[in-house]
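Please read the numbered points with the sequence and the model in view.

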Amino acid sequence: MGLRKKNIIIGIIALLLGLLSLMMFGFEVRDGVLQGSRSRGMTQANNPIGFYVSIVCECLVGLALSAFGVYSIRRKD
């Protein structure tokens with residue numbers, strides 16, 4: 001029973017982090033500015049590839065954390 005409770009807690013934390021990451025992803029796509037970068041150096045560069053790479057990585061991490069959280073919560077160990 002202790003292992004099941006630990007899996008639920010880890011799953012809830014992963015799900016919350018994933019949802020927060022996806023919310024940040026949504027705001028960054030809408031604004032076109034990295035929220036973590038106060039200098040806006042990546043977005044004001046001539047080549048915005050760094051911005052798009054970071055956005056794709058953030059989306060993938062958010063989706064992976066959310067999927068892992070849901071999987072951990074629903075798992076029937």
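This is a predicted model: local features need pLDDT of at least 70, side-chain atom pairs count only at pLDDT 80 or more; totals for chains, interfaces and linings use all residues.

1. Burial is used throughout this note, and its cut-offs come first: a residue is buried when its relative accessible area is under 20%, exposed when it is over 50%, and partly exposed in between, with a 1.4 Å probe and protein chains only. By that rule E58 is buried, because its relative accessible area is 14%.

2. Residues are numbered from 1 along each chain as its sequence is written, and side-chain values use heavy atoms, with hydrogens and water left out.

3. The secondary structure of the protein consists of 2 helices and 0 strands. Helices (H or I, at least four residues) and strands (E, at least two) are DSSP runs, numbered from the N terminus. Helix α1 covers residues 2-31, and helix α2 covers residues 49-74.

4. Of the 77 residues of the protein, 21% count as buried. In α2 the buried residues are F51, I55, E58, C59, G62, S66, G69 and S72. As background, an α-helix has 3.6 residues a turn, so residues three or four places apart point the same way.

5. Which residues does E58 contact beyond its neighbours within four places in sequence? Contact means heavy atoms within 4.5 Å. E58, a residue of helix α2, is in contact with S21, M24, F25 and E28. E58 and M24 are 34 residues apart in sequence, and their C-alpha atoms are 8.6 Å apart in space.

6. S66 also belongs to helix α2 and counts as buried because its relative accessibility is 11%. Leaving aside neighbours within four places in sequence, S66 is in contact with A14, L15, G18, L19 and L22. One of these, G18, lies in helix α1 and is buried, with a relative accessible area of 0%. G18 in turn touches G62, L65 and S66, not counting residues up to four places away in sequence. Between G18 and E58, 40 residues apart in sequence, the C-alpha distance is 9.6 Å.

7. V56 of helix α2 is partly exposed, since its relative accessible area is 47%. Its C-alpha atom is separated by 8.8 Å from that of F25, 31 residues away along the chain. For the protein, residues 24 or more positions apart account for 67% of the contacts with a separation of 6 or more.

8. How many disulfides does a search of the whole structure find? The search finds 0, where a disulfide is a pair of cysteine sulfur atoms within 2.5 Å. C57 is partly exposed, with a relative accessible area of 44%, whereas C59 counts as buried at 18% relative accessibility.

9. The accessible surface of the protein comes to about 5700 Å², and 69% of it belongs to carbon and sulfur atoms. Accessible areas come from the Shrake-Rupley method with a 1.4 Å probe, and for residues only the protein chains shown count as cover. I9, I13, L17, L20, M23 and F27 form a nonpolar patch on the surface, with about 580 Å² of accessible area together. Patches are made of residues with over 30% relative accessible area and no salt bridge, like charges being joined within 9 Å and nonpolar side chains (Val, Leu, Ile, Met, Phe, Trp, Tyr) within 5 Å. A salt bridge is a side-chain nitrogen of Lys or Arg within 4 Å of a carboxyl oxygen of Asp or Glu. F27, in helix α1, is partly exposed, with a relative accessible area of 40%.

Conventions:
The expected span of a helix is 1.5 Å times one less than its number of residues.
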